[in-house]
Amino acid sequence: MSYRIAHLFADYGVESEALSSLGDVFRFTIEPQPNRFDAAAFEIDLMESMPAGRYDLVFAHPKCAKWCDMPNLDPEQHENQIDRAREIARSIGDEYVIENKPRAPLNDPLRLNGRMFGLPIDYERAFETSFAVETPAWNQPLNGKTVSPYYYSDRTTEWWKQVKGVRGDYPKQHIAKNALPAVYVEYIARYWLESRNSRDAEVPQDNNSR
């Protein structure tokens with residue numbers, strides 16, 4: 001079965017690569033950059049307008065600057081897009097995922113980091129999901145020091161693409177700082193598929209069917 005996926009607040013849409021394995025990805029964002037993994041991309045101010053259509057899954061990336069702990073960022077200068085992302089997701093999607101910084105005000109968030117998947121980066125992110133997702137039971141220690149995305153220039157573009165599981169061509173800075181590792185998306189997607197399959201199995205069958 002091919003599903004309809006809405007990808008929100010994602011100018012480059014790197015995560016569309018992993019999401020496209022589920023079906024057709026429709027990306028809605030204010031400055032859409034080319035991405036060959038989308039079925040379509042739409043220029044839209046999501047803080048003002050609602051995307052058209054109905055989707056099996058909504059995957060949203062509201063801006064995270066307000067929740068960063070970097071000393072040179074003033075949180076008051078950045079808007080909170082999380083409430084709006086949740087509103088849109090509940091309006092157009094059967095299920096949803098909202099991704100952001102660990103400090104962001106998400107509901108009962110799942111937290112994932114690179115060490116859980118054996119990656120040489122911490123890159124901890126939080127996810128609010130409308131379906132149950134278990135925290136990985138194992139945490140793989142690494143012998144070497146993990147690499148911070150904020151020192152992305154210390155590694156090549158190819159290194160970052162390999163670590164994040166990226167195939168498309170995107171700016172190295174964006175891959176390092178903003179793109180979710182594909183393994184995070186795939187991990188959550190498996191739980192979504194299990195939830196979806198369980199729900200579909202509970203739908204009563206037509207007794208007149210043969």
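Is valine 58 buried or exposed? Select it and see: valine 58 is buried, with a relative accessible area of 0% (buried means under 20%, exposed over 50%, partly exposed in between, using a 1.4 Å probe and protein chains only).

Before you go on, remember that this is a predicted model, where local features need pLDDT of at least 70, side-chain atom pairs count only at pLDDT 80 or more, and totals for chains, interfaces and linings use all residues. Residues are numbered from 1 along each chain as its sequence is written, and side-chain values use heavy atoms, with hydrogens and water left out.

**Stop one: around valine 58**

Valine 58 sits in strand β4 (residues 55-60); strands (E, at least two residues) and helices (H or I, at least four) are DSSP runs, numbered from the N terminus. Leaving aside residues up to four places away in sequence, valine 58 touches Ala6, Leu8, Ala89, Ile92, Gly93, Glu95, Tyr96 and Val97 (contact means heavy atoms within 4.5 Å). Now pick glutamate 95: it is 37 residues from valine 58 in sequence, but the C-alpha atoms are 6.4 Å apart in space.

**Stop two: asparagine 178**

Next, select asparagine 178, in the loop between α4 (172-177) and α5. This residue is partly exposed, with a relative accessible area of 39%. Not counting residues up to four places away in sequence, asparagine 178 touches Glu15, Tyr123 and Gln173.
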